[in-house]
Amino acid sequence: MQSVAQLFAPRSIPFSVEMFPPKGSLTLEDARQVVGGMALARPDFISVTCSAGGSGNGGHTVDVAALIQNEANIPAVAHLTCVNSTRATVEAAIAVMKEAGITTVLALRGDKVPGAEAGDFSHGADLIPLLKDAGFCVGAAAYPEGHIDCLDLDEDVRYLRAKQDAGADFFVTQLFFDNADFYRFRERALSAGVTRPITCGVMPFLGKSQIQRMVFLCGSSLPSPIVKLLAKYEDDPAALRQAGVDYACRQLVDLARNQVDGVHVYSMNHPDIAQAAARALADAGFRG
């Protein structure tokens, strides 16, 4: 199976989706059904999130990533967080991923857990050398509007360059709603010497509470067209959801037209979102 890093070839714009593993009432069989629906969109790879504060192995992340590779024959990217983790727990998670045949990992700090003891890692970049030494293709996070804990955009890009210097093979961005924010970020990254591919993360807004939560969790700004859509359809949830998917599809097509390295859809486990994104890109001539 082709390495995820190899997908970012000249004149190619990889299309990928993210899903989360079973949690709560969601079973592994439910996840299998989600993967089946995602496969219909023919993504170049699927990433699988992990639970905050864990070893990166909680919530069946590795199980779902292996399912994606072995049953759907699609490259998988397993997320691994390091916040509050010891070196021993991270090394154990790495061993489990290698045993399962996972070849690509997205190295993340993860969300801090209130009251938990500090671990052996401060930043996602701290994970990258361990993963590279273990033979993984490694992705890392990028923040077009800056990480929520970092108020200096230039300093934020220096962190991005540090991840590249540590061995990151590619980057996946945090969600953003205004493509101009990404284009400005891309210029800053290039000026800082970042040369690894950066794939653009886009999340459709499906409801008012969801988008408010994302704004506070990620620090993403809301452009006026979205504010107007939220006001227009606030009493019509179905119409608001469709407006959110349509907006995200327009984002993706514009990004592809501006020759980004890749596009990545935060699907929230909705195969119809992945399929709509794939259709929009195909209709615009960016997928076969």
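## Salt bridges and a helix pair

At 42% relative accessibility, Lys208 counts as partly exposed, a class that lies between buried (under 20% relative accessible area) and exposed (over 50%), as found with a 1.4 Å probe on protein chains only. This is a predicted model, in which local features need pLDDT of at least 70 and side-chain atom pairs count only at pLDDT 80 or more, while totals for chains, interfaces and linings use all residues. Residues are numbered from 1 along each chain as its sequence is written, and side-chain values use heavy atoms, with hydrogens and water left out.

The structure holds nine salt bridges, each being a side-chain nitrogen of Lys or Arg within 4 Å of a carboxyl oxygen of Asp or Glu. Three of these pairs are set out below.

| Salt bridge | Closest N and O atoms |
|---|---|
| Glu71 and Arg32 | 2.8 Å |
| Glu91 and Arg87 | 3.0 Å |

Arg32 is partly exposed, at 28% relative accessibility.

Glu91 and Arg87 lie four residues apart in helix 4 (residues 87-99), and are therefore separated by about one helical turn. Glu91 has a relative accessible area of 38% and is partly exposed, and Arg87 is partly exposed at 42%.

Turning to helix packing, helix 7 (residues 179-191) and helix 10 (residues 237-257) pack at an angle of about 30°, with their axes 10 Å apart. Axes are lines fitted to C-alpha atoms, for helices over the stretch in contact, and angles run from 0 to 180 degrees between N-to-C directions. Helix 7 and helix 10 are therefore roughly parallel to each other, a word used for angles under 35 degrees, whereas those over 145 count as roughly antiparallel, 65 to 115 as roughly perpendicular and the rest as oblique. The contact, meaning heavy atoms within 4.5 Å, is made by Asn179, Phe182 and Tyr183 of helix 7 and by Gln251, Asp254 and Leu255 of helix 10.

Notes
Helix = DSSP H or I, 4+ residues; strand = E, 2+ residues; numbered from the N terminus.
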